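User: I'd like to go through this model with you before I set anything up. Could you take me through it?

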Amino acid sequence: MPLLEVKNLCKQFGGLTAVDNVDFRVYTDQIKAIIGPNGAGKTTVFNMLTGVDKPTSGKIVFEGIDISGKKPHVITGLGISRTFQNTQIFKNMSVVENVMVGRHIRTKNGMLKCMIGLRSARIEDSESMDKACSLLKLVGMEKKANKSADDLPVGERHLLEIARALATEPKLLLLDEPAAGLNNEETGKLAEVIYKIRGGGVTVLLVEHDMSLVMDISDEVVVLNFGEKIAEGPPLLIQQDGQVIQAYLGQAVEHA
Ligand SMILES: Nc1ncnc2c1ncn2[C@@H]1O[C@H](COP(=O)(O)OP(=O)(O)O)[C@@H](O)[C@H]1O
Ligand SMILES: [Mg+2]
């Protein structure tokens, strides 16, 4: 059984078809990528997978459960977590607190109890702190734990969001353009982080424009163009696909 199955997924915004009858599957332990030109519908797919946008039609099945149109917190609870193309960092919090925010959905004690300071809440909080620090270590940011999140450069904001998304203990992690704003060295580190995440048993689906990263780390690639899937397969085949080169890769190379 695939971990995630997307069937005939459609999303319309008024007269615009942003996602048009898209099908794909993600299997446990895969690193899978979705690529395509700007406006192809990639983020909209992520928004439907995480309950931010309701599908107009079609189905999303996760571990055999139909999650189409379910609320974001329900989907997070079932094991799908994400980062955002435009990072969503709490600027008035420290780096480690930003990770702990993600952890709250997994702890029995809600925010309110933590603030009141009940003993059990405090114990859970120290566990959350330990867990958050180990996640920061995983993304190579443990030394920045107590820094203000506002001071982080773009690349580290993405890494922080990855740590926060992992704090919900997902089975499937969705990354929306995690290499945006990163230099080559940082992108290399990101690839290692993604491998480590997969090594830890988390399946990864990423949207990304950095083609060397995509082709290096992905087991399979889905290509969207104007909302439609135009190709799907292993990176080597995708790189040679005439339709993909015409729609996307040709320009990506020219602009690189
Ligand atoms: N909330 C929305 N309302 C109206 N149109 C939207 C909305 N979200 C996305 N779109 C449109 O849907 C299309 C796909 O957008 P998006 O999924 O962000 O593309 P990508 O991530 O591939 O660049 C674009 O034409 C975009 O303008
Ligand atoms: Mg996008």
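**Burial, core and helix packing**

Analyst: Buried residues make up 50% of the 256 residues in the protein, and please keep in mind that this is a predicted model.

User: How many helices and strands does the protein have?

Analyst: The protein has ten helices along with ten strands.

User: And the largest nonpolar core, which residues have the most contacts inside it?

Analyst: That core has 49 residues, and those with the most contacts inside it are Ile35, Leu136, Leu160 and Ile162. Helix H6, spanning residues 154-166, supplies the largest share of this core, namely six residues. Apart from this core lies another one, of 25 residues, with Ile34, Leu172, Val207 and Leu224 among them.

User: What is Ile35 in contact with, leaving aside its neighbours within four places in sequence?

Analyst: With those neighbours left aside, the contacts of Ile35 include Val221, Val222, Val223 and Leu224, as well as Lys42, Glu208 and Tyr248.

User: Back to H6: at what angle do H6 and H7 pack?

Analyst: H6 and helix H7, which covers residues 184-199, pack at about 5 degrees with their axes 12 Å apart. Because angles under 35 degrees count as roughly parallel, H6 is roughly parallel to H7.

User: Which residues meet there?

Analyst: From H6 there are Leu159, Ile162 and Leu166, which meet Leu190, Val193 and Ile197 in H7; by class, this contact has six nonpolar residues, with no polar and no charged ones.

Note on methods
Residues numbered from 1 in each chain as written. Chains lettered and ligands numbered in written order. Predicted model: local features only at pLDDT ≥ 70, side-chain atom pairs only at ≥ 80, totals over all residues. Heavy atoms only, no water. Core = buried A, V, L, I, M, F, W, Y, C linked by side-chain atoms within 4.5 Å. Buried < 20%, exposed > 50% of the residue type's maximum accessible area, 1.4 Å probe, protein only. Helix = DSSP H or I, 4+ residues; strand = E, 2+ residues; numbered from the N terminus. Contact = heavy atoms within 4.5 Å. Axes fitted to C-alpha atoms, helices over the stretch in contact; angles between N-to-C directions. Parallel < 35°, antiparallel > 145°, perpendicular 65-115°, else oblique. Nonpolar A, V, L, I, M, F, W, Y, C, P; charged D, E, K, R; others polar.
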